Structure formats: C-alpha cells, structure tokens
Amino acid sequence: MLTNRVENILHKMNMHGKEKRPFLFAVNFELTEGFFSENPLEQTEILFDIRGQGNSHIGKQTENDILFSPQPLTYDTYKAKFDIVHQGLLKGYSYLTNLTIKTPISTNLSLADIFAYSNAPYKLLLPGRFVCFSPERFVKISDKIISTNPMKGTIDASVPDAERIILNDYKETAEHNTIVDLLRNDLSIVADNVKVSRFRYIDRIKTNTTDILQVSSEITGRLQDDCADNLGDIIFGMLPAGSISGAPKPATLNIIREAENEPRGYYTGIFGYYDGKELDTAVMIRFIEREDNRYYFRSGGGITAYSDCESEYKEVLSKIYLPII
C-alpha cells in the first residue's frame with residue numbers, strides 16, 4: 001500500500017504527463033518515501049544526469065589521488081544471509097531472490113565528488129544523503145513503446161575468455177532467464193505485444209580498479225494511445241523492480257526482509273526524468289549513502305537454488321567500485 005506522499009507522486013506524474021510538463025522523480029524500494037520535482041532543469045538542489053540530460057554542472061574538486069577502500073562484511077556474515085535466502089528457494093517460495101549487503105567504505109571524495117567523477121548513464125545526487133551511478137535502466141517510455149533492459153550476470157573482464165564463460169554459465173543463464181520472464185510478465189500488465197528484442201548481450205563497465213562485463217537483455221511492448229496520461233500508474237504498477245527483488249514478488253519480498261533485516265531505503269528504488277515527450281527511468285543500483293557521517297556502499301546479486309555461496313560473495317564484493325576511468 002502506498003503512503004500518501006508516494007501516492008501523491010503517482011498522481012503528479014499522471015498530471016504532468018497529460019500536460020507534457022517535465023519532471024524528475026524518485027521513490028524508495030519500500031514505496032514509503034520519494035520526491036517529485038517540477039521543472040527539474042531549473043533547480044540545483046537535486047542533481048541528475050540521465051543519458052546526457054540533466055542539471056549536472058559541478059566540477060571535479062579533488063586534485064589528489066582518489067582513495068577508496070571498502071571494509072567488507074565477513075564471509076560468515078554473508079553466508080548467514082545467503083542461507084536464509086537459499087532455504088526459501090529450496091522450499092519453493094521463490095525462484096530468484098536478490099540479496100543485498102551494506103558495506104562501510106572510506107574515501108576522500110564527497111558525495112558530490114563521486115557524482116561529478118562517475119561515468120554512468122544514470123546519475124542522481126541527493127545532497128547529504130546518497131549518490132547513485134547506475135548502469136541499469138528500469139523502463140523507458142517513448143512514442144507509446146515501453147522498454148526495459150534488465151542486467152543479470154557479472155564477471156571480471158580480465159578473466160581469460162570472460163564473455164564466453166559468463167554466457168555459458170548454467171547458474172547465470174538460469175538467473176537471467178528467470179528475470180527476463182518476470183519482466184516480460186511485468187510489462188504485459190501495462191502493454192501489449194510484449195517481446196524480447198535482444199537477449200543476453202554484453203555491456204562493458206569501466207571502474208576505478210578493473211572493467212566488468214554485465215549481461216543484459218531488452219524487452220519491449222506497446223502502450224495504449226493515452227499512455228502519457230497514466231505515466232504514474234504505469235510505473236508504479238511494476239514496482240518494486242523485478243531485477244532487484246525476484247520472483248514471485250510477494251513471497252520473495254518476505255525472504256528479502258528476513259535475510260537483510262533492515263530497510264533498503266532509496267537503494268534499489270527507481271528514479272527518472274520526463275522531458276515532455278519521453279520518460280527514462282533507472283534502478284538505483286551502484287549506490288553510496290551517508291549515514292551518521294559514515295559512507296556505505298550498497299551492492300547485491302541474484303540468488304537461485306543453484307547458487308554457490310562463495311561465488312555469490314565474490315560477486316557482490318566485485319560490485320563495490322567507482323565508475324571512474
């Protein structure tokens with residue numbers, strides 16, 4: 001059930017879409033908090049950059065070498081969370097569950113520095129609270145076509161024959177197939193003629209330590225003629241995002257709450273920008289938050305019944321990086 005504040009965001013999205021008026025919005029994973037900004041290009045309180053569109057005008061402030069050091073949770077601590085998820089999978093409550101962790105980090109960069117330095121298609125800075133530099137689209141709505149590009153499957157690009165390994169990995173293939181099927185069903189709630197346009201293609205992401213390869217797919221569908229009048233209903237009808245929750249959603253969310261034992265907040269929520277014609281939105285992964293004057297990096301990965309705990313632990317740590325070349 002949506003809070004009054006979040007429900008108000010939904011209604012404003014509908015109204016602005018109908019009137020072709022630009023807006024910026026975000027909503028957290030639990031659907032309990034969010035913000036809505038009218039005329040977002042004219043304000044400087046919240047900074048954003050969505051594939052080159054935004055109000056990002058801050059420069060790089062740090063002239064010294066960049067320091068970035070995570071203090072990861074122990075394998076045993078991760079395994080305790082993993083075991084809760086794995087039991088739920090083995091009992092058939094879920095086919096795929098996204099498990100996330102919270103890692104303290106030390107850095108000489110501010111949140112604004114990280115925003116300015118990061119090379120990512122989707123960036124958002126809520127000063128004093130968090131910065132997001134996401135590589136993953138949630139959905140894009142353009143000319144009555146809705147599309148989504150889920151990412152599932154990650155490998156260090158320096159591994160010999162990395163692309164072949166990740167594309168032929170049985171567990172990763174099963175996980176990717178599950179999330180594509182879930183998001184195809186999610187799009188079918190709001191669109192017709194839903195199809196997988198591209199299946200398991202590779203994205204290369206450059207980081208401050210090494211390059212990583214991510215496996216993505218593209219799913220598209222056709223919306224009704226009045227889709228601009230219902231942007232809020234369309235977006236909120238598919239939340240939380242399937243790629244960072246799992247399937248089936250209701251039972252999987254219960255497993256997530258038990259295993260993670262704390263709210264995610266804005267991490268794995270979504271944000272987006274509407275320019276009066278197109279709406280492009282992102283999943284808030286690759287996320288650093290400030291809490292009690294400390295920084296924490298949030299990262300996660302999909303768990304299936306075939307998952308190996310040690311491999312998943314290594315993958316979730318490999319996602320703790322800055323996309324800085």
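Predicted model: local features only at pLDDT ≥ 70, side-chain atom pairs only at ≥ 80, totals over all residues.
Residues are numbered from 1 along each chain as its sequence is written, and side-chain values use heavy atoms, with hydrogens and water left out.

Let us begin with the overall build. The protein has eight helices and 18 strands; these are DSSP runs, with helices (H or I) of at least four residues and strands (E) of at least two, numbered from the N terminus. Its radius of gyration is 19 Å, close to the 20 Å that the globule rule gives for 325 residues, so the protein is as compact as a globular protein of that length. Here the radius is taken over C-alpha atoms, and the rule is 2.2 Å times the number of residues to the power 0.38. Along the principal axes, the C-alpha trace spans about 50 × 50 × 40 Å.

What about the inside and the outside? Buried residues make up 56% of the 325 residues, where buried means under 20% relative accessible area, exposed over 50%, and partly exposed in between (1.4 Å probe, protein chains only). Contacts, meaning heavy atoms within 4.5 Å, also tell us about the fold: among those between residues at least 6 apart in sequence, 71% join residues at least 24 apart.

Now back to S217, which you can find in strand 13 (residues 211-222). With a relative accessible area of 0%, S217 is buried. Leaving aside residues up to four places away in sequence, S217 touches several others, among them T148, N149, P150 and V180.

E175 counts as buried because its relative accessibility is 1%. Its side chain reaches the backbone nitrogen of G302 at 3.4 Å. Not counting residues up to four places away in sequence, E175 touches L96, K152, G302 and T304.

The backbone has some details to look for as well. A cis peptide bond joins L239 and P240, with omega about -5°, and P240 sits in the loop between helix 6 (231-236) and strand 14 (246-247). Another cis bond runs from A247 to P248, with omega near -15°; P248 is in the loop between strand 14 and helix 7 (249-260).

K20 is not a glycine, yet has a positive phi of about 60°. K20 lies in the loop between helix 1 (4-18) and strand 1 (23-27), and is partly exposed at a relative accessible area of 46%. R51, also not a glycine, has a positive phi of about 50°. The loop between strand 3 (47-50) and strand 4 (53-54) holds R51, which is partly exposed with a relative accessible area of 48%.

How values were computed. Polar contact = N/O pair within 3.5 Å; in protein donor to acceptor, adjacent residues only side chain to side chain.
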